[in-house]
Amino acid sequence: MPRVSTVTLAGSIRSRLVLADFPAKEMGWLWQSCVDKGVIQKKKKKIHPNGISHWARLCNWRLQGVPLQYLIGWQPFGSLKILCRNHVLIPRWETEEWVNDLGQSILTCSKLGSIKSNLNLVDFCTGTGCIPLLLLKMTRHTNIFKQICAFDISPDALKLTQRNVVHNHLEHSTNFKVQYANILNGDNLFPEKIDMLTCNPPYISKNTFESDVEDSVKRYEPHLALVGDLEFYENLIQIWLPHINSFVYELGSYKQFNYVKEEIIKHNNNFPNNKFGLGMKFDSNGQIRCVFGFNEKIKSIFQNYGQLIIQI
Amino acid sequence: MLCRFSGIRLEVSNMTKCCSFNSFLRLRSFHASRFLNEEQKSDNDVIKRLPQTLITTADAYTKKLLTLEDTLSQGQEFNVESQQEFSRLSLINGVFEHYKSLLTEVEELQRMANSDPSLKEEATDELQLIIPTFNECSDKLFEHLIPPHPFADKACFIELHPGVGGIEAMNFTQDLYNMYTGYINNKRWKSHVISKQKNESGSGLLGAILSVDELGSYNKLRFEAGVHRVQRIPETETKGRIHTSTAAVIVLPQMGNESDKEMDAYERTFKPDEIRVDVKRASGKGGQHVNTTDSAVRLTHIPSGIVVSMQDERSQLKNRAKAFAVLRARLAEKERKEKEEKERAARKEQVTTTDRSDKIRTYNYPQNRITDHRCGFNIHDIDGVMSGERLQEIIEAVGKYEIQQRAKSLQSLPTCK
């Protein structure tokens with residue numbers, strides 16, 4: 001009788017499981033999260049079996065590839081604790097890095113007095129709200145930001161952003177608004193001039209989605225926040241450029257950067273009165289991560305931020 | 001027959017008594033040895049006078065105190081620093097005055113003993129009484145007068161690494177870790193674990209870094225730096241042989257105050273081209289494509305070649321901040337050692353200090369004994385020390401020994417500082 005060899009069997013089981021990067025550490029973190037939630041009481045000598053089984057269930061889910069941040073419920077982002085829920089993209093460390101650098105350079109500029117205060121900050125595709133919240137947290141002792149507005153198309157994300165504001169005790173700091181908007185359609189979202197526009201748009205193109213994206217991300221994170229090509233960059237150039245003083249957009253490939261660069265060069269030729277400088281920023285992993293642009297008014301923040309391509 | 005039995009029984013009971021008495025003696029022997037030392041000292045009638053250099057420093061302190069008193073009494077300025085300085089100086093001055101009065105008394109008595117034969121007996125009796133007090137006072141003054149360790153008021157990191165001995169060494173590292181956490185808890189100091197790597201295949205620790213946040217803890221714990229040796233029968237040993245294994249303890253001063261507000265405060269003390277930062281996941285596109293939980297960071301300090309890696313936090317930024325804190329501490333320790341070496345070379349006198357010998361302590365489980373090799377201090381209570389309760393006694397003994405050594409070096413070279 002033919003039988004399936006144990007090696008094949010083990011192989012097929014293994015292929016179904018997305019093994020964690022870092023098994024022992026992750027199990028420890030899951031345990032800690034159970035302790036934090038009170039499912040497991042550390043002080044008692046004997047731990048209740050329900051607590052153990054809860055933890056085991058979490059480990060099992062993790063083994064099947066559910067992102068650790070959804071299981072634990074939050075992810076550190078700079079000095080913030082950002083809550084993470086299903087259907088909302090988990091903040092990445094690359095984002096954390098560039099936002100932290102941006103916050104630092106805003107702070108240095110405000111110490112040197114080279115920028116005016118009372119700026120407007122607008123964040124598109126905000127997701128968990130991590131970008132504006134970290135910038136607000138870092139600058140909360142100064143009065144740099146007068147108004148902060150976060151937009152998203154997903155109701156889940158809007159709810160979560162609202163919760164994150166409260167969770168991090170930032171609701172009283174500044175005028176912080178969370179609003180529903182379809183960025184690609186509307187152009188009348190913000191009446192005043194926007195001093196700084198940040199965005200972490202979906203930037204994985206459809207053709208490369210299958211091949212380049214990690215299994216766990218593919219299965220459990222919202223495709224709405226992942227798949228996109230040039231839409232948001234086209235939207236930036238065509239609709240927003242006249243209304244803003246500076247922008248920082250996260251991106252995934254040189255194609256997107258080159259598009260923005262060419263359009264900015266065209267824009268500078270057409271409007272010599274409102275020229276934009278342009279730069280790119282790499283992450284610690286050596287990958288291109290951001291494109292940023294700025295006009296004369298916000299220039300000083302970006303002088304030491306990344307690699308400048310077009311000077312003004 | 002009965003008699004014989006009872007005789008044997010008597011012998012047996014005597015023997016057990018003897019045994020327990022012996023072990024009692026052994027338990028108490030460290031007290032006894034201390035006591036003996038003191039007796040020997042007083043027998044020798046050695047008067048511990050302080051060298052002239054220190055007396056002049058003490059005089060200078062007195063002068064400083066007087067001027068400070070003047071300015072403070074005018075009440076024009078009040079700041080915490082000068083208040084602290086004042087209280088420190090007046091403490092030293094009090095001890096110094098006591099020292100001087102005792103010294104004159106001793107000299108008077110000695111003169112009397114030498115000149116007047118009728119009073120000789122009384123005078124020597126008196127001397128016998130007064131010399132220990134004088135020596136104590138002299139020691140105390142000495143402690144105040146010698147310059148404190150440059151990092152004495154700093155908080156510290158404790159790093160533990162297993163040495164030779166495989167899994168047994170890792171187990172011993174775990175024991176040391178428990179000892180220090182116990183000690184810290186006993187002292188009610190604040191501390192947190194910076195990184196801790198368990199041995200995945202088996203028991204024990206592959207390495208750990210503890211941050212002790214209490215200011216001044218470096219001054220106490222710096223005596224712990226060195227190689228700790230353990231002699232015992234490991235749990236894994238089947239034939240009952242005693243193994244000798246080691247673990248290394250490194251104690252580093254914390255060079256600043258870590259706070260959330262200034263998470264990258266350490267990072268800013270380095271030039272960007274001195275440091276190379278590596279993150280894991282060097283391949284692939286990153287960003288939205290992957291959701292990694294592996295946030296390990298590795299720093300390389302290029303001028304010195306020191307490498308620090310950190311992977312315990314879920315946030316890469318926090319790992320980075322911690323790694324920079326550890327790097328800063330290692331560099332500071334290295335600089336201090338180099339400076340000390342230079343000073344020592346300049347003196348041309350090889351003074352043995354506490355951190356020169358590498359193997360500093362032996363934990364002998366079968367004999368229930370811990371020996372500190374620097375000062376030859378013995379304590380027969382493994383459990384008490386390993387729980388951290390009686391570690392204090394060893395630290396105090398080494399501290400005393402260090403002060404004695406420094407005193408010797410100062411007294412043998414009265415003109416050099």
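These legends go with close-up views of a predicted model. In this predicted model, local features need pLDDT of at least 70 and side-chain atom pairs count only at pLDDT 80 or more, while totals for chains, interfaces and linings use all residues. Residues are numbered from 1 along each chain as its sequence is written, and chains are lettered from A and ligands numbered from 1 in the order in which they are written.

**View 1. Chain A in overview.** Chain A holds 11 helices and 10 strands; helices (H or I, at least four residues) and strands (E, at least two) are DSSP runs, numbered from the N terminus. Of its 312 residues, 39% are buried. Here a residue is buried if 20 or more other C-beta atoms lie within 10 Å of its own, exposed if 12 or fewer, and partly exposed in between, with C-beta atoms placed from the backbone. Take the contacts in chain A between residues at least 6 apart in sequence: 71% of them join residues at least 24 apart. Two residues are in contact if their C-beta atoms, placed from the backbone, lie within 7 Å.

**View 2. The eight-stranded sheet of chain A.** Follow the strands in the order β5-β4-β3-β6-β7-β9-β8-β10 (chain A) and you have walked across an open sheet with mixed pairing. Two strands pair if DSSP finds at least two bridges between them. At the edges sit β5 (175–180) and β10 (307–310) of chain A, each pairing on one side only. On average, neighbouring strands of this sheet are turned by 20° against each other, direction ignored.

View 3. Strand β8 (residues 277–282) of chain A pairs with β10(A) in the antiparallel sense over three bridges. In β10(A), look for A:Gln307, the bridge partner of A:Met280. Helix α5 (residues 93–112) of chain A packs on the sheet and touches β7 (246–250), β8 and β9 (288–294) of chain A, its direction making about 30° with that of β9(A). Helix α11 (residues 254–270) of chain A also packs on the sheet, touching β8, β9 and β10 of chain A, and its direction makes about 15° with that of β9(A). Axes are lines fitted to C-alpha atoms, for helices over the stretch in contact, and angles run from 0 to 180 degrees between N-to-C directions.

**View 4. Strand β4 of chain A and its partners.** Six of the eight residues of β4 (residues 145–152) of chain A are buried, so this strand is largely enclosed by the rest of the structure. With strand β3 (residues 119–124) of chain A, β4(A) pairs in the parallel sense over five bridges; A:Leu121 has A:Ile148 as its bridge partner in β4(A). With β5(A), β4(A) pairs in the parallel sense over six bridges, and A:Ala150 has A:Val178 as its bridge partner in β5(A). The crossover from β4(A) through helix α7 (residues 155–167) of chain A to β5(A) is right-handed: with the strands pointing away from the viewer, the path from the first strand over the helix to the second runs clockwise.

**View 5. Two residues with positive phi.** A:Cys125 lies in the loop between β3 and α6 of chain A. Its phi is positive, about 50°, although A:Cys125 is not a glycine. A:Cys125 counts as buried because it has 25 C-beta neighbours inside 10 Å. B:Asn368, in the loop between β9 (359–364) and β10 (369–372) of chain B, has a positive phi near 55°.
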